[in-house]
Every structure is written in structure tokens, then in C-alpha cells.
Amino acid sequence: MSTAFEPSLSTSTMRPPLSSADAPSMADSLPSINFGFDELRDRMAKFTVKFDSFIEQGRKRVLEERNQFRMNVTELKEDQRMKKRDIEILSQKSVTHQQTLAKETAETNEMKAAIANLSAQRDTHLAAKENLKQQIEDTLRQIDSRLAAQRAHAQHLDAQSRFNIPELDFWTLTLGLRIEGAGMNDHLKFVFTHIDDRDWTREAWFELDATKREYDIPYCKPKLEKEQVERVLEKINESRDLRVLLKGMRELFVEAFKV
């Protein structure tokens, strides 16, 4: 607050008169004026605090709004991705459904064609029924005829076996033939000795495969020409006579040892 200037305060009757050296200056006689700088400074400081608080709150609000905006954008993108995925799934289901319908249509057509084919086959079978009966009767007559032929052939083999045993003894005892197993069913190994004039103990052998209707010789030692062996096989397959096989192979071995 300002102080009112009073002239009575400039002099005092209670003090003695001052000398010229002790007299106050003009500046001392001026009244003191208070401009309120402290109050203004305090108000400015308070305003600065409020302004900084306002700025800080505004910054926080902007950051929160920006984060919220980013979250909203992220959620929108995720929703868009999920909807896009749903659209793809629905599109795939639609394509699958169309394929299923096409497949069912094709299967229906195939079934109709199969039914028509079966109907035609049924008609064909019914038409051929009488022919099949006649064929069965003809087949039965052929079976009876073949059975009679087999019985006759069996009687012939039985009669032939009476001569085979003595002849086999002749081959084994006189001509040095030995019959062995070849390690497999229906395979026989025929071993010859007394073939080489220089060494009577020298052996020659061949393996006979009787698993099929036509005889075969897969192995032999010493090795023979394939054409020669095939000629012997042709003879035995025609005659079914074991003597032809033994004689033919022994002759081939004799010729092979002479070389």
C-alpha cells in the first residue's frame, strides 16, 4: 500500500535544528511507493504452475487419445482380418458345396448308367440261360470222356512203371547215375559218374524242374549249349519218357568232357 504524504512529518519540533551537513536529501524526502512486484511474482508463479499443469494434462490427454486411437485402429484391422477370413471360409464352403453337388450329380448319372447296364446284362443272361444249360450238358459229357481217358492213361503208366524200376536200377548200378534232392519241391538233381575216360570219379549233373507241365533244366554242370538242352527237353516233353532225358543228357555230358 502507498503511504500518504504529510508535510507535518518533514519537520519536528521535538528535534533540534539540523546543520547543513545533517540536512536530508531530496530523495529522502520523497514518499516510498509499493508497486506490488512480490504479489505479481507470486501470481505469475501460480499462473506458471497452473499453465504447466494444464499443459501436462493436455499432453496426457493427447497421449491417451492417441493410444485409444491406435487401439481402435488395431481392433478395426483385426475385425477386418476376421471378416476377410470369414469371407474366405464361406467362399471355400461355397466352392466345396458346388463340387459336392457336381459330384452327386455325376454319381447319380453313373448309378443310372450302371442300372441300365445291369438291366441289359440281366436280359442277356436270361437270353443265354438255355445256351448255358446246353453247354453244361456238353461239358459233363466231355468230363466223363476225359475221366475215361485218364483211367486208361493211369493203367498205361502203371504198366510202364513195371519196366521203369528195372531200367532205373540199370542206370544207377551200371551207368553210375545218382538221384538227389535239389533243395526245393519238385526239383531233382541227376548226377552222372563214369563219363570221363580220364577220371571215372568226375561228376556231371543237371537239375530237373518238374513244377510245371513242361519240364525244364535250370542248372547243369558242366555248362552245356542251350540249344542242345532245349532239344532234349522237347523230346521228353513230347514223350514224357524219363529214359529219353537221361540218355540225351548223358550223351551231351560225354561230348562236353571230350572237348
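Trainee: How far apart are the end C-alpha atoms of helix α2 (residues 226-239)?

Mentor: Happy to start there, with a note that this is a predicted model, in which local features need pLDDT of at least 70, side-chain atom pairs count only at pLDDT 80 or more, and totals for chains, interfaces and linings use all residues. Residues are numbered from 1 along each chain as its sequence is written, and side-chain values use heavy atoms, without hydrogens and water. Helices here are DSSP runs of H or I with at least four residues, strands are E runs of at least two, and both are numbered from the N terminus. The expected span is 1.5 Å times one less than the number of residues, so the 14 residues of α2 should span 20 Å, and the computed distance agrees: 20 Å.

Trainee: Which residues of α2 are buried?

Mentor: Buried means under 20% relative accessible area, exposed over 50%, and partly exposed in between (1.4 Å probe, protein chains only). By that rule, the buried residues of α2 are Val 229, Val 232, Leu 233, Ile 236 and Asn 237.

Trainee: Which exposed residues does the opposite face of α2 carry, and what covers the buried ones?

Mentor: The face turned away from the buried side carries Lys 235 and Glu 238. Contact means heavy atoms within 4.5 Å, and what covers the buried residues of α2 includes β4 (216-221) and α3 (242-258).

Trainee: What span should α3 have, and how far apart are its ends?

Mentor: The same 1.5 Å a residue applies to the 17 residues of α3, which should span 24 Å. The end C-alpha atoms of α3 agree with that, at 25 Å.

Trainee: Is Phe 54 buried or exposed?

Mentor: Phe 54 is found in helix α1 (residues 37-173). Its relative accessible area is 53%, which means Phe 54 is exposed.

Trainee: How many helices and strands does the chain have, and in what pattern?

Mentor: The secondary structure comes to three helices and four strands. Read along the sequence, they follow the pattern α-β-β-β-β-α-α.
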